[in-house]
Amino acid sequence: MKAIVSVKDAVKNYTLGNVVVPALRGVTLDVVEGDFIAIAGPSGSGKTTLLNLIGCVDTPSSGTVEVEGKDTRRLSERQLTTLRLHTIGFIFQSFNLVSVLSVFQNVELPLLLQRRLTGAERAKRVMGLLDRVGLREHASHRPSELSGGQRQRVAIARALVTQPGIVLADEPTANLDSVTGQHILDLMKELNRTEKTTFIFSTHDQRVMSHANAIIRLADGKLAEGGASNGLAQPASQPGRAPV
Amino acid sequence: MRAWFATFGVTAQMAFRNLFASRLKTVIVGGIILFGGLLVVAGNSLLDSVVAAMSRSVIGSVAGHIQVYNAKSKDPLEVMGRMMMGDPDIAQLDDFSKVRQSLLKVPNVKAVVPMGISGALVTSGNTIDLALEKLRNAVKRKREARTDVDRANAQAQVDAEKGHVRQIVSVLQTDLKNATAVLDARAIDKEDAEAVTRAASDQFWAEFDKEPFESLEFLENRIANQAADADLLFLNYVGTDFQAFQKSFDRMKIVEGTMVPPGKRGFLFAKHVYEEQLKLKAARRLDQIKEGIDSQGETIAKTPDLQRMVRENVSQVREILLQLDAPKTADFRAKLQRELGSPEKDVGKLLAAFFQTDDQNFHQRHDFFYRELAPSLELYRVRIGDVLTIKSFTRSGYVQSVNVPVYGTFQFQGLEKSTLAGALNVMDLVSFRELYGFMSGEKLAEVQALQKAAGARDVSRENAEAELFGSKAEEAPEKAPRKIEATTTPGVAMRDLGETVGGKLRREETRSRVFPPGEVETGVVLNAAVILDDPKKIPETMAAIEAQGAKDGLSLKAIDWQKAAGIIGQFIDVARTVLYIAILIIFIVALVIINNALVMATLERVREIGTLRAIGAQRRFILAMLVIESIVVGLVFGGLGAGLGAVLVGIIGKIGIPATSDVMFFFFSGPRLRPFIGTSNVIAAFAIVLLVSAFSSFYPAWLAMRVSPRQAMQEDE
């Protein structure tokens, strides 16, 4: 299977004043199309940094990150933005919906930024997705009128509306109760299955990890001891992978 | 393209909704912008209206659209708002006809009015001079009387006039008594005191008829100078061609008397000057109190200014007392006793009691004064028809005096109460030239006639001193130092030796003599007012005038009415500067506050902006969103402010701002200012507001553009 994301010896350092803080210390992994992967690890282990690199919101200090075959270090800021717009969907821990826009408009927003579809096409796509996430009736509501789980479903719809190759989710269930979190994960899993969309999500919740096809464990910016040092996100039977 | 519109649509929608979402911020920022827009529109409109009104005042009263004068002048020309005595150094224009010819060649020039502006001191009449003059005439008449009846009549008149003079002397005696009470004895001139005592004695008056002329001379020399109730008047005047002046400044209206006929010497008082400076002070104060009560809603009880005028009227009854001869004194006593119900005999005290007015009795007293007392008084120190002797220092420094008959008073319609527009009196150009030190043809002839009459010889400058003082062969001219031929008016008190011969000659002729019209045309002027067909083209016409002048060999300088108005004209610039500074400050403050509010708003929305960036919004999308927000606020509130300002100006325009002072009358060109809205002001307000709101969003927009998509992931834990 083809690797949609390929990370090689990725190092990311942040500077805080004069101090260089290493966030990732050389991570190598491949993600294949259609995968459903969890990135696990304690706070500060580099989960978010790795997601940022894969999500093209940041570039590695050294090493390479290739998304859909494009080396992100060679892309300009604008090109990165365009790459994000067309290739990646984002789901955030706090949902991050635009509070002043309706559910429909929130989902439609990436399509508007893409400027590819006509109004009718957009409406069809948006309503189809809202149908999938069970919020058709709520299309004209404001985010503030929705529950947490509903909001996250809107966010999922927004992430998927451009039909991206990869959806990145940063602790998608952290702000939800366990039942709702379970529903969200079921939804993601179902979309992964039906749409063949690759999902990569960070979490430190054991139950969430258990849904993943593979788990990448991070500690101190490296793949954890006994983790997939070759980084290949292969089926769970591979060494370094947690049992499912 | 349609997708682009859709993107813009969503950007705008987000901008709008953000504005609604943070209402407080929007209202604060919008409020400031609204106020700024309102100020720009209302302030500028108001100022423009004042400028327009004032230009009507200035252009319509004396300046015309453009003033032209000699470019070689050392000082700038100011036709109005002259605060100091003494003339600016303006070089003359030698031949007005040439100037006129040259100016009329310039397109857009409608009329040219010759002018010269200067000022002079005039001493107005002295009541005792007048009384003594009457007495002298009566004595003379008695001498010349042929029949017993005539003689008896003359004697009766002599007695009456004697009574008046005695009355004046007794007023002086009272003054003297008061003075000895408060002053050190050394401060009082002994000789003056003795003279008054003598003039007040029964013996002096018993002997008066024996040697009347000697007694008169004593009174004239020793008493008259002590009864100095005459004030020095400083009169500003413009010498001009009356007919051209009236035609060009058509707001000019004759109030009393008549226009000076063509070719005649003459003087027209500005009505305002006539009332303010020449009217009997007590009467003038009564007028002002009435004006204060009737038009300004003031009361004597509450307004200090009115109280002051009442006090002054009570304490300054002397100017009235001096006018009263015996019969008038009796008349006043009877009337005042009846009016006041008082047994008091002293007219001075009665008058003081009469002028002690309050809000209850004021109108009755005012009416009583004008009905019963005023007809017996000289209300004005110079009457229409009098000959005014004006003395002035000429350019070369010697004193020149000219007699001009007063034909009447005038005022400019709409500017009746304006001190500034009413400060200039008008005089014929020929007299003006003489006072300014130019020799007119008429004057030259007169000097020759005088020389002939006086038997003067031409004396060279070197020999002048010897001729005057060294030669014993010459007799001293006459013994009496102030032997004065009878004059007819109180307006000619400025007498000196030079006038004893020349003055008489001139006075006789001044009314009847006509100067040739060419003399006005060809002579010297200082400046000229230019009236235009199209007042909007002032700058172009000014340039054309100077160019034409250069072509015709005249060095002409043209200034617009605003500059010609001097300090008054500068007021406009000052007011505009103040307004602009105020607007500038407000908008700087607005800029800071708006900037601050937007920065805060941006910081609050960092995650939202980060999210937008993460899901694929380019930086320019963020920029557009914020700039649209600012511009929308600017447009909506700026428009509202400008609209409100326009409405405000419209309402004020309907009602009008009343002019509450003389100066405002001038600035408003009438009793009320009716401001109008200038379209350019509304557009300017809009532009400024937009600029400011766009400008103030630069920094926050820059901040927002630097928000990293990573910040979308940051949790506010």
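Author: Happy to; what follows goes through the sheets strand by strand and then turns to the helices.

Please keep in mind that this is a predicted model, in which local features need pLDDT of at least 70, side-chain atom pairs count only at pLDDT 80 or more, and totals for chains, interfaces and linings use all residues. Residues are numbered from 1 along each chain as its sequence is written, while chains are lettered from A and ligands numbered from 1 in the order in which they are written.

Let's begin with the six-stranded sheet. Chain A holds an open sheet with the strand order β6-β7-β8-β3-β9-β10 and mixed pairing. Here strands (E, at least two residues) and helices (H or I, at least four) are DSSP runs, numbered from the N terminus, and two strands pair if DSSP finds at least two bridges between them. In general, strands of a sheet pair through backbone hydrogen bonds, either parallel or antiparallel. The edges are taken by β6 (88-91) and β10 (222-223) of chain A; each has a single partner strand, so one side of each is left without a neighbour in the sheet.

Now look at β3(A). Five of its five residues are buried, where buried means that 20 or more other C-beta atoms lie within 10 Å of the residue's own, exposed means 12 or fewer, and partly exposed lies in between, with C-beta atoms placed from the backbone. A:F36, A:A38 and A:A40 point one way from β3(A), A:I37 and A:I39 point the other way, and all are buried. On one strand pairing, β3(A) runs parallel to β8(A) over five bridges, and A:A40 stands opposite A:T203 of β8(A). β3(A) is also joined to β9(A), again in parallel, by four bridges; there A:A38 stands opposite A:I215. Further along, β7 (residues 166-170) and β8 (residues 198-203) of chain A run parallel and are joined by five bridges. In that pair, A:I166 has A:T198 of β8(A) as its bridge partner.

Helix α1 (residues 47-54) of chain A packs on this sheet and touches β3 (36-40), β7, β8 and β9 (214-219) of chain A, its direction making about 155° with that of β8(A). Touching rests on contacts, and two residues are in contact if their C-beta atoms, placed from the backbone, lie within 7 Å. For the angle, axes are lines fitted to C-alpha atoms, for helices over the stretch in contact, and angles run from 0 to 180 degrees between N-to-C directions.

The four-stranded sheet comes next. It is open, with the order β2-β1-β4-β5 in chain A and antiparallel pairing. β2 (19-32) and β5 of chain A are its edge strands, each with a single partner strand, so one side of each is left without a neighbour in the sheet. β1(A) and β2(A) pair over 11 bridges in the antiparallel sense, with A:P22 of β2(A) as the bridge partner of A:N13. α1(A) packs on this sheet too, touching β1, β2 and β4 of chain A, and its direction makes about 125° with that of β1(A).

On to the next pairing: β1 (residues 3-16) and β4 (residues 62-67) of chain A run antiparallel, joined by five bridges, and A:V11 stands opposite A:S62 of β4(A). β4(A) then pairs with β5 (residues 70-71) of chain A over two bridges, also antiparallel, and A:E66 has A:D71 of β5(A) as its bridge partner. These two strands form a hairpin with two residues between them, and A:E68 in the turn has a positive phi of about 50°.

Last, helix α6 (residues 178-195) of chain A. At 1.5 Å a residue its 18 residues should span 26 Å, and its end C-alpha atoms are 25 Å apart, which agrees; the expected span is 1.5 Å times one less than the number of residues. The buried residues of α6(A) are A:G181, A:I184, A:L185, A:M188 and A:L191. Seen down the helix axis, these buried residues fall within an arc of 120°, so they line one face of α6(A); the arc is that of the directions from the helix axis to the C-beta atoms. What covers them includes α5 (148-160), β8 and α7 (206-209) of chain A. On the other side of α6(A), A:V179, A:D186, A:E190, A:R193 and A:T194 are exposed. A:K196 follows α6(A), and its phi is positive, near 65°.
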